[in-house]
Amino acid sequence: MFMKKKFTKLSVLAISLLLAFSLSACSAEELKDIEGLENIEGLEDILNSDAFADLKDQLNEDLEEGSAKDSEEASEEDSEEIGYSEDADLLKDIIKAASFEEIFKKHDSFTVEYQASEDDLELAAKVFGQYTDLTYAIPGEYYKHTGIYNGEGEDPYVRDYLSMENDVYNFEDGELSREWFPMSKEEMEELRREELTMPDSLPIITDIGDLGLEEVVSVEEKGNNELLVTTHTSEEALAGLDFIPEDWEAPFSEFTYLVDKEDLTLREQCLNIVTGDDTIEIYRLKVSYDEAPPKEYEEFKKSIEDLKKDKDTKTITAVYKPGTDEEKSYELTESTSVKVKLRYPEGFSLSSDPEGKELFKGSDGKSDVTLYLIEDEAEDKKDEKEDKADGDSKDAKDSDKEAKEISASGIVEEEVPLYVGDKDNEEELSLYYIKDGSVPYISCEAIPDLIEKSFSFGYSEEDFYGISTESEDGHFLLTRDDPDVIMDIDFEEDKITFSDFDAFFMKANENLVDVLDPDPKVLKLMKKDEESSVNYSGGLISFDLKSYDIDLVEDEGEYYIPLQTVNDIMLCNYDAYVLRNHEAAFLVDCISNVFNDDSKSEIMDLYKENDLERTEDLAEFEYNELCMILDSRYGLKEEHNIESFDKFLTENGLAEDIKGTDQVKAELALATLMGKYIDDMHSNYMSPSSIADTEDVADALKEAKITRGNAKKAYEALMESYSAASKESYPKGIPGYEEVDNTAYITFNSFSSENKDYDYTKAPKESELDDVVKLMQYSCDQILRKNSPVENVVMDLSQNYGGDNTIATYAMATMLGYGKNNTINTMTAAKTCSVYEIDTNRDGKFDDNDTLAGKGLNLYCLVSPVSFSCGNLLPAEFKTSPEVTLIGKPTAGGTCTINFLSTASGSTLTLSSFKKMCRMHNGIFYNIDQGVEPDYKINKLADFYDREKLTKYINDLY
């Protein structure tokens, strides 16, 4: 029997509906776009079948010949048999009465309840893509609550939408969306009919009577002043379709309409399949008028009203046919929690610009956006444009640079050598120039490789975490494999958003805000205390490039980003950047200071061979990019009360020269900014771009007397004073380790590993004490030796100007029993508290035998106004500990780590970064830039280095 069969293809009913919807003029592709039909199983097979094509051709032929006239001339015998001639207009009148225009002449509202028949619920659901449907409408509003069929044997899900004039709300899978038509009223109405988003008549009813697909076979009078009208589709319309089961006996569709006898208003409709002696009900719908709204409508309407109260709004402006006499502008302000779906007529495209050069792909759904509805070009103009593009591309290929134009919009590709770290490591990099510009872009596809190469400067390539990419709707996404975090490059909004910036660039040792340098030899001597360490995530942040007039470019499905933006947001997190000249690019590790490192002289010689020009667009871009990165990454911006660097540079007269085309003047302005105005010890102008002559820059700096600002000059004077005082007591220099009576002095002026060949697993030698790790090992060995006379230990940081955070942590742990770093990211508010144990006695164990803490010793730290950066970090941590007493004078501060940066033209800088070293008090991170007060002051400078006197002073403290 029919009811027991399972079908994987469309039923006979679907064909009658497809033919009805086609209206002869619809193509197969247009049919696919009709709302609701996309859920019908087997639709693709139907539309592509020969039988459907033949049937549709026949319909077109009948229409051209005048099928209506043929029907009127049919034999009298046939007319009497089916009652066609006397009832042919009846179906048209029923359809007319079912229009909203007619209904709302007599009624204030209507409700339609559709239910798939239980005879074969799954078949009905497959045919229409739904089980149930509740429709409620009043003038200007049309609401649908539909139970959608979700596949064979699966439960349905509910989809709601509410059309309100030209605003359509859809609730699908739990998300409210708003559909908006940015066009003229006439085009809106036409589109509504095509898309079936807001029909003009009751559900299911169409104007299919015009095609003669339904023939009225009977009209019966019923009680309550009603008529029952029955129609059939012809058997011939279904013949030859290969998906109809062979055991179906002459199948056809039967519709019944229960209507009001006087005005033909529809009250009920039913659809049956008739096959042989079986009549199978497929669905039934009932219509009622002027009743209370259903609860589903009330609930959905309330959800919309609640969203409208949302104060967080976005404004969408659509400009229709910009630049023409027909230009019109439409504006919609909506809650950011409401998704806006844009529809527009065939033959138009949405663009992000009024010239139509960049297609509109979407937005973040939260920001204001302007889009342009532009009529597509005629084919002959398209061909002309393509021919021109082909000619331009050929010219580009023949240029002196051997560059090639790769798109009709004027993007030129230039493939150059990429030297990674040194001259012998040569690869290739494709640079792209937009619209005859001189600002180099790269493809987003190249980003993961550049990040990996930058990562490898400090870590093993095997430790790289991996990055996967995908692009969709104007977004290029880079996903870090472990942890699973995303960088979203939004080409519509010119914005780069990180789901977790710190986690994306987190290094191998797994500190979220990491300040440890990647020295594997030292890290092997350190063990992270996981129980005491904690990371506080900062979460999502965005770099709004649009506000700095920095453009991201999408063209023909390819995504391009300025090379300098990749440097400033991504590569510099590993203290790396890419420089370039007229014929090559250079990825360099800034930690090695390639400009002063003799081993890097060959690659720098190549870089300095340059004939690039500082063009207007390059200078303008450099200024914008510099403002963006200083606003983002300068950690002392708040302390300087800098509102924005654009304002700061303008007010101090530096903006014009940085924006200008004179490279020497630009260098002088940068040096003035870093040396005179920013003037902190971590922020410095390093070296000029290769565009400028080095001697010319040096002469300009000398003439302008821009070497150091007042703060730097004062610090240098202090260093000279303390150095001179120490030389009075120690003309040959202070020894690294010294015992004076019962007191051991450990002295070093920076946290550094002077000799990379030292083996930390072997006993330290006196000749190796220039290395701080070896010095710590040696000091512990001596102080903790059997029968040691040492009672007091002084770590002398009075001339320590900072250095390597990893070594500083090791030195801190030597005194405290643990090394601790409290660090905060000023961009993201992420925080890290990392705690380490160390091994000093080389036994491979991390235990109490490795430190001076808890041994009954009196531990001191000698500090001064020279104690800066890491030389300030240790005293700040010692201050919170009962283990160590501070003596001397207040320290110099220095809360930020150093970040290495370059500019778009190739000038290089160091910057107090967004990573601030802190002390933790009551669970709160406080930066340590103000320095640390000693517990006991030493007033006379000479007393710092008179070790006999200092030892007596310390002993007198007890």
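This is a predicted model: local features need pLDDT of at least 70, side-chain atom pairs count only at pLDDT 80 or more; totals for chains, interfaces and linings use all residues.

Analyst: Below we go through a helix pair and then a sheet.

User: At what angle do the axes of α24 and α25 cross?

Analyst: Roughly 10°, and the axes of α24 (residues 772-783) and α25 (residues 805-816) come within 10 Å. Axes are lines fitted to C-alpha atoms, for helices over the stretch in contact, and angles run from 0 to 180 degrees between N-to-C directions. The two helices are therefore roughly parallel (angles under 35 degrees).

User: Which residues meet there?

Analyst: From α24, V772, V773, M776, Q777 and C780; from α25, I807, Y810, A811 and T814. Contact means heavy atoms within 4.5 Å.

User: New topic. What is the strand order in the open sheet?

Analyst: The order is β21-β22-β23-β24-β27, 5 strands with antiparallel pairing. Two strands pair if DSSP finds at least two bridges between them; strands are DSSP runs of E, at least two residues, and helices are runs of H or I, at least four, numbered from the N terminus.

User: Which strands are at the edges?

Analyst: β21 (467-472) and β27 (541-544), each pairing on one side only.

User: How many bridges between β21 and β22?

Analyst: 6, with β22 covering residues 475-480. I467 has R480 in β22 as its bridge partner.

User: Which helix lies across β21?

Analyst: α13 (residues 447-456), which also lies across β22 and β23 (485-490) and runs at about 155° to β21.

Note on methods:
Residues are numbered from 1 along each chain as its sequence is written. Side-chain values use heavy atoms; hydrogens and water are left out. Angles under 35 degrees count as roughly parallel, over 145 as roughly antiparallel, 65 to 115 as roughly perpendicular and the rest as oblique.
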